[in-house]
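Subject: Handover of a structure

Dear colleague,

Please find below the structure that I am handing over to you. I would ask you to look through it before reading the notes that come after.

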Amino acid sequence: MARISPSQGGDPCSIHGPSIQRFKYLNKKIRYMRNKNFFYLQYDKINWENQEKTKINSFVNNFTIKEIISKKRDNSIKIFDIGFGIGFFIKMLYHELTKSYGNIVIEGCEPSLKNYDYFVKKKPLSVRKGTKLKAYNKTFLEVQTNERFDFITAIYVFPHFASDELETTAKKIYSMLNEEGKFILVVANEKYLKEKLRDKRDLFIEKNMIYLDGKNYEEVLHYSDIQKIGKVIDYNREERFYIDLFEKNNFKLNDKKDLNDSGFICTVFIFEKR
Ligand SMILES: C[S@@+](CC[C@H](N)C(=O)[O-])C[C@H]1O[C@@H](n2cnc3c(N)ncnc32)[C@H](O)[C@@H]1O
């Protein structure tokens, strides 16, 4: 997958030569450096821990736990949560799962040290016998685990991944799921975010085109103000991009739902192995 940006692909200028090549190379390198760590480092500067007060995302968390995850009929269950933040979802999940499952494995990763420490040191979750809990202070692509999961969740995390990491990420998710495993992806609803940009509740930063198997998709970098938490920058991508990305990587879309959480609309995709 390649990214086309205004400064890269589709350049109508036909000048070639070492200085232009070098400029293009540097330009690419600067973009790469800017994208790499910013998206999780920003969480060291804001107050995501206020999620415990505002309960932001509890509606979608509840839906994910009760309507999808807890439907698995078994005594054992294994879940990996990508970008767990302060562990708000993991805590809700654990309390629900202990009602019906004997053996529980919960793993997750969170690269922001502030968020990770909040979950692991400041407000840790103590688990009962029969539960294995493992938290990695790493980006998802850095995680190494031998476990295979029934569910992998990514709740408002994919918009923080740079487009050139998405195929590797999809492949890694595939390899970490067991044969019946499901991947649950939650992102802000595409149309709802476009409206927020139009009436300037969110602020537009830049527009890129991303490219996958001969098709182009729009990606918009923007920032939003989250009450009592702070400003967050991320990418809004076309919904069909995520569907095509996962279908290309051996998943099929099992279900898709738009949820309205007190006026904030999100899209939940449930993918399974083909
Ligand atoms: C909007 S917050 C959502 C947190 C949590 N999933 C929730 O619903 O409360 C996005 C989280 O993704 C994390 N994140 C950003 N880049 C990441 C990466 N490459 N790998 C894993 N997590 C990442 C951020 O540090 C942040 O905690």
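The notes below set out what was found.

This is a predicted model, in which local features need pLDDT of at least 70 and side-chain atom pairs count only at pLDDT 80 or more, while totals for chains, interfaces and linings use all residues. Residues are numbered from 1 along each chain as its sequence is written.

Confidence is given as pLDDT, the predictor's confidence in each residue, from 0 to 100. The protein chain averages a pLDDT of 90, and 87% of the residues score at least 70. Over residues 1-20, however, pLDDT stays under 50. Where pLDDT is low, the predicted coordinates should not be read in detail.

The protein chain has eight helices and eleven strands; these are DSSP runs (helices: H or I, at least four residues; strands: E, at least two), numbered from the N terminus. Of its 274 residues, 32% are buried. A residue is buried if 20 or more other C-beta atoms lie within 10 Å of its own, exposed if 12 or fewer, and partly exposed in between, with C-beta atoms placed from the backbone.

Helix H6 (residues 166-176) shows how burial can be arranged. Its buried residues are Leu166, Thr169, Ala170, Ile173 and Met176. Seen down the axis of H6, they fall within an arc of 130° (taken from the directions from the helix axis to the C-beta atoms), so they line one face of the helix. Lys171 and Ser175, which are exposed, sit on the face turned away from that buried side. The buried residues of H6 pack against strands E2 (76-82), E5 (149-155) and E6 (177-188), and against helix H8 (239-248).

The largest nonpolar core has 52 residues, and Ile79, Leu93, Ile152, Phe183, Leu185 and Val186 touch the most other members. Such a core is a set of buried Ala, Val, Leu, Ile, Met, Phe, Trp, Tyr and Cys residues joined through C-beta atoms within 7 Å. Leaving aside residues up to four places away in sequence, Leu185 touches Ala154, Phe158, Tyr242, Phe269 and Phe271; two residues are in contact if their C-beta atoms lie within 7 Å.

Which residues come nearest to the ligand? Of the 23 residues around it, they are Tyr40, Gly83, Gly85, Ser112 and Thr139, a residue being near if its C-beta atom lies within 6 Å of the molecule. Helix H1 (18-41) and helix H4 (88-100) are the elements that give two or more residues to this shell.

Yours sincerely
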